[in-house]
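Dear colleague,

Please find below the structure that I am handing over to you.

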Amino acid sequence: QLCNDAVRAAHLASELQIGEERFRRVVEAAPNAMIMVNQEGQITLANQQAEKTFGYPREELLGRPIEMLVPERVRSDHRGFRHDYFCDPQARPMGAGRELFGRRKDGSEVPVEIGLSPIHTSKGLLVLASIVDISERKLAELEAARQRHDLAHLSRVTALGELSSSLAHELTHPLT
């Protein structure tokens with residue numbers, strides 16, 4: 001019996017390792033920055049896209065507080081938000097209705113969208129954050145707004161030109 005229990009435990013541990021390896025490969029292949037954080041706010045996992053988005057090598061992220069990736073102006077609020085999330089963990093977007101920014105290694109900010117997913121593990125509850133850099137989208141939105149503004153201005157100028165032409169015609173050819 002003892003031997004069978006040891007074999008089952010070894011088999012279970014092997015399956016767990018295989019599952020964790022598969023999970024790591026999926027996270028690494030994700031097109032978004034993926035960062036896993038424990039309840040203390042320490043980064044336990046980061047993929048290559050996270051390195052590109054934030055400019056840190058993985059080694060500088062692992063074991064460090066997630067707040068290092070939060071802009072200074074909102075950093076103190078973030079700890080409270082993190083605590084609240086762990087009190088009621090559920091898959092959801094972060095910061096609904098607010099613009100979110102991440103802080104890069106060079107101190108610059110990047111506009112982001114973040115989705116949170118709780119992950120229950122043998123090491124406790126973790127949260128997996130899927131982070132999308134929306135810089136390109138923001139630039140496209142600004143360009144579209146500029147073009148709409150230019151078009152509205154052109155439309156007003158055209159209308160003014162037509163009005164002036166009508167007035168000039170009436171002044172040069174008064175009604176008889």
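The model is a predicted one, and its largest pocket has a volume of about 640 Å³. The lining of this pocket is made up of 32 residues, and those nearest its centre are Val 70, His 78, Met 94, Leu 100 and Ile 114. At least two lining residues each come from β1 (33-38), α4 (72-87), β3 (92-93), β4 (100-103), β5 (109-121) and β6 (124-133). Helix α4 supplies the largest share, namely nine residues. By class, the lining of the largest pocket comprises 22 nonpolar, three polar and seven charged residues.

The second largest pocket holds about 360 Å³ of space. Its lining has 13 residues, with Glu 20, Arg 24, Met 36, Thr 121 and Leu 126 the closest to the centre. Here α1 (2-29), β2 (43-46) and β5 each contribute at least two residues, and α1 gives the most, with four. Six nonpolar, four polar and three charged residues form the lining of the second largest pocket.

The ring centres of Tyr 85 and Phe 86 are 6.0 Å apart and their planes stand at 85 degrees, so the pair is edge-to-face. Tyr 85 and Phe 86 are both buried.

The structure contains eight salt bridges. In one of them, Glu 67 and Arg 82 meet through their side chains at 3.2 Å, N to O. Because Glu 67 lies in the loop between α3 (58-61) and α4, while Arg 82 belongs to helix α4, this pair ties together parts that are 15 residues apart in sequence. Glu 67 counts as buried at 4% relative accessibility, and Arg 82 is buried as well, at 16%.

Another salt bridge joins Arg 75 to Glu 72, with the closest N and O atoms 3.1 Å apart. These two residues are three apart in helix α4 and are thus separated by about one helical turn. Arg 75 is buried at 17% relative accessibility, whereas Glu 72 is exposed at 58%.

A further salt bridge links the side chains of Arg 104 and Asp 133 (3.6 Å, N to O). Since Arg 104 sits in the loop between β4 and β5 and Asp 133 in strand β6, the pair ties together parts that are 29 residues apart in sequence. Arg 104 is partly exposed, at 23% relative accessibility, and Asp 133 is partly exposed at 34%.

Yours sincerely

Note on methods. Residues are numbered from 1 along each chain as its sequence is written. This is a predicted model: local features need pLDDT of at least 70, side-chain atom pairs count only at pLDDT 80 or more; totals for chains, interfaces and linings use all residues. Side-chain values use heavy atoms; hydrogens and water are left out. On a 1 Å grid over the protein atoms alone, a cavity is a set of points where a 1.4 Å probe fits but cannot get out, and a pocket is an open set with protein on both sides within 12 Å along at least five of seven lines; lining residues have an atom within 4 Å of a point. Grid points are joined across faces, edges and corners, and a volume is the space filled by probe spheres set on the points. Ala, Val, Leu, Ile, Met, Phe, Trp, Tyr, Cys and Pro count as nonpolar, Asp, Glu, Lys and Arg as charged, and the others, Gly among them, as polar. Rings of Phe, Tyr and Trp (its six-membered ring) pair if their centres lie within 6.5 Å; planes under 30 degrees apart count as stacked, over 60 as edge-to-face and the rest as tilted. Buried means under 20% relative accessible area, exposed over 50%, partly exposed in between (1.4 Å probe, protein chains only). A salt bridge is a side-chain nitrogen of Lys or Arg within 4 Å of a carboxyl oxygen of Asp or Glu.
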